[in-house]
Amino acid sequence: MEKVPQHVAVILDGNGRWAKSKGMPRNYGHAQGAKTLEEIVESSAKIGIKYLTVYAFSTENWGRPEEEVKALMNLLGTYLKKCLKMSIKHNMKVRILGAKEALTPELQKEIENLEEVSKDFTGLNFQIALNYGSRDEMLRAMQKMANDIKEEKLSPEEITAEVFSDYLDTRGIPDPDLLIRTSGEQRISNYLLWQIAYSELYFTDVPWPDFHTEELKKAVEAYASRDRRYGGVKEERSHV
């Protein structure tokens, strides 16, 4: 495929509605969504995508019914174990974005092990946003900056966009070229607000459990057809 985006970010939406449409509980949809994610991770690497970042659990998701949150945490624990095996098999580096300290000690241990084992792998860079919210991320970044200024490790005059970026969870990761949201919703939902300033947006009615490889290719093809100008003006070719 020509003009493949280097970094694709995805909002995995529609698991619960997909399950309801089939007369199944919401947790069934989340389980199927996890299987779809395994497929998309492998497909992304084959297509030539270098970075894949997915929105797995937001800071706002704690407001869901207690039973659903508990099931999601259990599912995430299972997925992280699978992700470790996938990481080793496919030479995939995995990073977890978000406020990890709010997660259970068991999940934190799984995350620490996964990140440590995969830190030097050179294949697909796979980021999972877990207990993540962009506003929370930026507040945490500013708190770290304020502390560094207090300790005279940083001066206000040194603060630039690049410096601020280095305080975010995505430090060292290029900004997304393409943001995909599934299941018909057309909003950002507090996801990578700083990082997607110039990302191309792609919305599809397909719910996440049905977002298979062909749907990913459609999104990449739509991206390839667009003209990214980053606020500039496209140069007109002379007809002379």
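## A tour from the core to the pocket

Start by selecting Ile-180, which, leaving out residues up to four places away in sequence, contacts Val-8, Ala-9, Val-10, Ile-11, Tyr-202, Phe-211, Leu-216 and Ala-219 (contact means heavy atoms within 4.5 Å). The model is predicted: local features need pLDDT of at least 70 and side-chain atom pairs pLDDT 80 or more, while totals for chains, interfaces and linings use all residues. Residues are numbered from 1 along each chain as its sequence is written, and side-chain values use heavy atoms, without hydrogens and water.

Next, the core. A nonpolar core is a set of buried Ala, Val, Leu, Ile, Met, Phe, Trp, Tyr and Cys residues joined through side-chain atoms within 4.5 Å; buried means under 20% relative accessible area, exposed over 50%, and partly exposed in between, with a 1.4 Å probe and protein chains only. Helices (H or I, at least four residues) and strands (E, at least two) are DSSP runs numbered from the N terminus.

Now show the aromatic rings. There are 7 aromatic pairs, where rings of Phe, Tyr and Trp (its six-membered ring) have centres within 6.5 Å; planes under 30 degrees apart are stacked, over 60 edge-to-face, and the rest tilted. Select Tyr-55 and Tyr-191, a stacked pair at 4.2 Å centre to centre with 10° between the planes. Tyr-55 is in strand β2 and Tyr-191 in the loop between β5 (178-181) and β6 (200-203), so the pair ties together parts 136 residues apart in sequence. Tyr-55 is buried at 8% relative accessible area, and Tyr-191 is buried at 0%. Move to Phe-57 and Trp-62, an edge-to-face pair at 4.9 Å centre to centre and 75° between the planes. Phe-57 is buried at 0%, whereas Trp-62 is partly exposed at 35%.

Finish at the largest pocket, which holds about 640 Å³ of space. A pocket is an open set of points on a 1 Å grid over the protein atoms alone where a 1.4 Å probe fits, with protein on both sides within 12 Å along at least five of seven lines; lining residues have an atom within 4 Å of a point. Of its 28 lining residues, Leu-12, Tyr-55, Ala-56, Asn-61 and Arg-64 are the closest to the centre.

Notes. Points joined across faces, edges and corners; volume = space filled by probe spheres on them.
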